[in-house]
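Reader: I would like to learn how to read a fold step by step, going from a single residue to the sheet and then to the rings. Could we take each feature in turn, with the general idea before the particular case?

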Amino acid sequence: MEKWEPARNVDEPKLPELKLDAKQAQGFMAFFRKLPENTKAVRFFDRREYYTAHGENALFIAKTYYRTTAGVRQLGSGSDCLSSISISRNMLETIIRDLLLKRTEYTVELYEGSGSN
């Protein structure tokens, strides 16, 4: 009988990199903090080639859908930083489908940028 072993050194798909310079990050963080608080809303931000989620949403998505927080990055520095995660278009579709069809206690908000950030 042949013995099968799991594949080794197979990398998971790499998350898109969040590309904001310091000024863009500061502007986005100011905008994000002005959004009304809504614990039931999962907010996504369209970055043209990929999407992002921030704050508690970033941690929720990382733990629930990626099953790790390794992809979570911090915008800003010190106590003023904001947790962020990048999401591919395919993964966004999977997450939204799950939120709308299975985790119906959540609402989905999709923001499209008006500038470079």
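Author: Let us begin with one residue, keeping in mind that the model is predicted. Phe 44 has a relative accessibility of 0%, and because buried means under 20%, this residue counts as buried.

Reader: What does Leu 99 touch, leaving out residues up to four places away in sequence?

Author: Leu 99 touches Val 42, Phe 44, Phe 60, Tyr 65, Thr 104, Tyr 106 and Val 108.

Reader: Let us turn to the sheet: in what order do the strands lie, and which strands stand at the edges?

Author: In general, the strands of a sheet pair through backbone hydrogen bonds, either parallel or antiparallel. In this model five strands form an open sheet with mixed pairing, in the order E3-E4-E2-E1-E5. The edges are strand E3 (73-75) and strand E5 (107-112), and each has a single partner strand, so that one side of each lacks a neighbour in the sheet. Ignoring direction, neighbouring strands are turned by 35° against each other on average.

Reader: How many bridges join E3 to E4, E2 to E4, and E1 to E2?

Author: E3 and E4 are antiparallel and share three bridges, with Arg 73 standing opposite Ser 84 in E4. Helix H1 (residues 22-34) packs on the sheet, where it touches E1, E2, E3, E4 and E5, and its direction makes about 105° with that of E4. H3 packs on the sheet as well, touching E1, E2, E4 and E5, and its direction makes about 160° with that of E1. E2 and E4 run antiparallel and are joined by four bridges, and His 54 stands opposite Ser 84. E1 and E2 also run antiparallel, joined by two bridges, and Asp 46 has Tyr 51 in E2 as its bridge partner.

Reader: Which way do the side chains of E2 point?

Author: In a regular strand the side chains alternate between the two faces of the sheet. In E2, Tyr 51 and Ala 53 point one way while Thr 52 and His 54 point the other way, and all are buried.

Reader: What is the phi of Arg 48, and is Arg 48 buried or exposed?

Author: Arg 48 has a positive phi near 75°, in a residue other than glycine. This residue lies in the hairpin of E1 and E2, which has four residues between the strands, and at 61% relative accessibility Arg 48 counts as exposed. Arg 67, in the loop between H2 and E3, likewise takes a positive phi, near 60°, and is exposed at 67% relative accessibility.

Reader: Finally, how are the rings of Phe 28 and Phe 31 arranged?

Author: Nine aromatic pairs are found in the whole structure. The rings of Phe 28 and Phe 31 have centres 6.3 Å apart and planes at 50°, so this pair is tilted. These two residues are three residues apart in helix H1, and therefore separated by about one helical turn. Phe 28 is buried at 4% relative accessibility, whereas Phe 31 is partly exposed at 38%. Ring pairs link Phe 28, Phe 31, Phe 32, Phe 45 and Tyr 111 into a cluster, and Arg 47 lies over the face of Phe 28, at 4.6 Å from the ring centre.

Definitions and conventions: Residues are numbered from 1 along each chain as its sequence is written. This is a predicted model: local features need pLDDT of at least 70, side-chain atom pairs count only at pLDDT 80 or more; totals for chains, interfaces and linings use all residues. Side-chain values use heavy atoms; hydrogens and water are left out. Buried means under 20% relative accessible area, exposed over 50%, partly exposed in between (1.4 Å probe, protein chains only). Contact means heavy atoms within 4.5 Å. Two strands pair if DSSP finds at least two bridges between them. Axes are lines fitted to C-alpha atoms, for helices over the stretch in contact, and angles run from 0 to 180 degrees between N-to-C directions. Rings of Phe, Tyr and Trp (its six-membered ring) pair if their centres lie within 6.5 Å; planes under 30 degrees apart count as stacked, over 60 as edge-to-face and the rest as tilted. A charge sits over a ring if NZ of Lys or CZ of Arg is within 6 Å of the ring centre and within 35 degrees of the ring normal.
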